Amino acid sequence: MGQKKLIERLKERHSLNFKEWEQLFAFYTKEDADYAMILAREIAVREFGKEVYFRGIIEFSNFCKNDCYYCGIRRSNKACQRYRLEQEDILKCCEEGYENGFRTFVLQGGEDRWFTDERMCGIIEAIRKRYPDCAVTLSVGERSRESYKAMKGAGADRYLLRHETADAAHYAMLHPKCQTLEKRLSCLWDLKEIGYQTGCGMMIGSPGQTPAALAKDMKFMETLQPEMIGVGPFLPHRETPFRDEKKGSMELTLFVLALCRIMLPRVLLPATTALGTADADGRKQGVLAGCNVVMPNLSPMQVRKKYMLYDAKAGTEIDAAQGIAILKKQMEEIGYEVVVCRGDFRKDKNDD
Ligand code: SAM
C-alpha cells in the first residue's frame, strides 16, 4: 500500500499496525508529509476552529538528579548555573501571566529533590487559590504514585512527561542505565489512572531514532490515549555528550505532528519551543500541521538563559507581554487567533 493510502487509512481508523507505521516513516516523501499536514489541519479546524490555546511555562528549577545525554540541564553539566525559584517568585510569574491572558500555568523543572511533595503541594494550592479559573500543569519528571496523587489532590490538572522513545534499546541510548523505559511508562500509566490530563511525547531525530522506533511511539500513543502530546525536534546542546549530533529534521517533526493529530483528533498538541527554535516560523508551521497549543515562556527574565535544554533556545530575550504580542501577530498572519481560556481536553470520544 502507498504512503498516501496509509495516511487515509489512519484518518478512517485512527490506527495503523506496526508494520504500516514503519513503512510510512521509512518511505514517506515530502508530498506525503504535505498531504498529512493538510488532513491534520482540516481535523484541527473542525475540532477547535481557528483557535489556539496558550499556556505559560514557568521554569522553576534547573537542578536535576538525572543525566539524560541530550539535555542541557543534566546533572553532569558543570557549566550550568543552577537556580530555584521561591514560591513568591512563581506567584509573580502567574500574576504577570494572568494579566496577559494566560489561564494555564505549566510548572516545569528538572527532577529536583528539594521540591518535596509538601513544597509542590503548597505551590499548587497557592496558585489555585489565587487563580481559581486557571489550570495547573506539572512537568517535573518521574515521581512516586503517592506523590502524583498528592499533587493532584492539591489541585494540579495536567501532567507532561514525555516518554522520549517507546523503544527500550533506543531509550538506553539516550539515558544512563538507572533510567529505564519501563519506569517511564509506569509513571505515565499512574498519571492516567490518577486522573491527570496526561501528556507524553518524544524528540524527533534524537540519536539512534529509527522508523521502527517511531512506529513504536505511535503504537504506544494509540494505547495510552494521551490528552496531550509534546513533539519537537532534537536540538544539540554544546555541554552534553550529544553536542556533535545532527539536529532533528523540521519536515519529519511536522509530519509526526500531523500524524498525531490524525490519529487522535482531539489531542492537545503544542507547537513547541524547540520547533520555534529550529525555525523562526516553526510555531506557525506547527499550527498549519495540526497543532492547537503554544507555550510561551513566563519564567523571570534573569533565569531564562539558565534553563537551556539545547543551544540558542528561543524566547530567552523577550518578556511575557512581548512573547504574547509576537505570538498573536504570528497566529494572525496565518488566519488563527489565540484565545483566553483554560483549554482543557474535551472528553467526548476521539472519532470523526
Ligand atoms: N524534568 C522534566 C521531565 O523530564 O519531564 C521536565 C523538564 S525536561 C528538560 C522537558 C523536555 O525537554 C524533555 O522531556 C525533553 O524531551 C526535552 N529536551 C531536553 N533536551 C532536549 C534537546 N536537546 N532537544 C530537544 N528537546 C529536549
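Biologist: How far is the sulfur of cysteine 291 from the closest cysteine sulfur?

Modeller: The distance is 8.8 Å, to the sulfur of cysteine 260, which is too far for a bond. A disulfide is a pair of cysteine sulfur atoms within 2.5 Å. Please note that this is a predicted model, in which local features need pLDDT of at least 70 and side-chain atom pairs count only at pLDDT 80 or more, while totals for chains, interfaces and linings use all residues. Residues are numbered from 1 along each chain as its sequence is written, and side-chain values use heavy atoms, leaving out hydrogens and water.

Biologist: Is cysteine 291 buried or exposed?

Modeller: Cysteine 291 is buried, at a relative accessible area of 2%. Buried means under 20% relative accessible area, exposed over 50%, and partly exposed in between, with a 1.4 Å probe and protein chains only.

Biologist: And how many disulfides does the structure hold?

Modeller: The structure holds 0 disulfides. For cysteine 134, the closest cysteine sulfur is that of cysteine 94, 7.8 Å away and too far for a bond. Cysteine 134 is buried as well, with a relative accessible area of 0%.

Biologist: Turning to the ligand, which residues are closest?

Modeller: The closest are Tyr70, Gly109, Arg162, Glu164 and Leu235, among 17 residues that surround the ligand; a residue counts as near if one of its heavy atoms lies within 4 Å.

Biologist: What does the backbone of leucine 235 do there?

Modeller: One of the backbone N or O atoms of leucine 235 lies 2.6 Å from a nitrogen atom of the ligand. The ligand taken alone exposes 560 Å², and the protein buries 92% of that; these areas come from the Shrake-Rupley method with a 1.4 Å probe. For tyrosine 70, a backbone N or O atom is 2.9 Å from a ligand nitrogen atom.

Biologist: Next, where does asparagine 297 lie?

Modeller: Asparagine 297 is in the loop between β9 (293–294) and α13 (301–304). Helices (H or I, at least four residues) and strands (E, at least two) are DSSP runs, numbered from the N terminus. Asparagine 297 is buried, with a relative accessible area of 14%.

Biologist: Which side chain does the side chain of asparagine 297 make a polar contact with?

Modeller: The partner is the side chain of glutamate 59, at 3.2 Å. A polar contact is a pair of N or O atoms within 3.5 Å; within protein, one must be able to donate a hydrogen and the other to accept it, and residues adjacent in sequence count only if both atoms are side-chain atoms.
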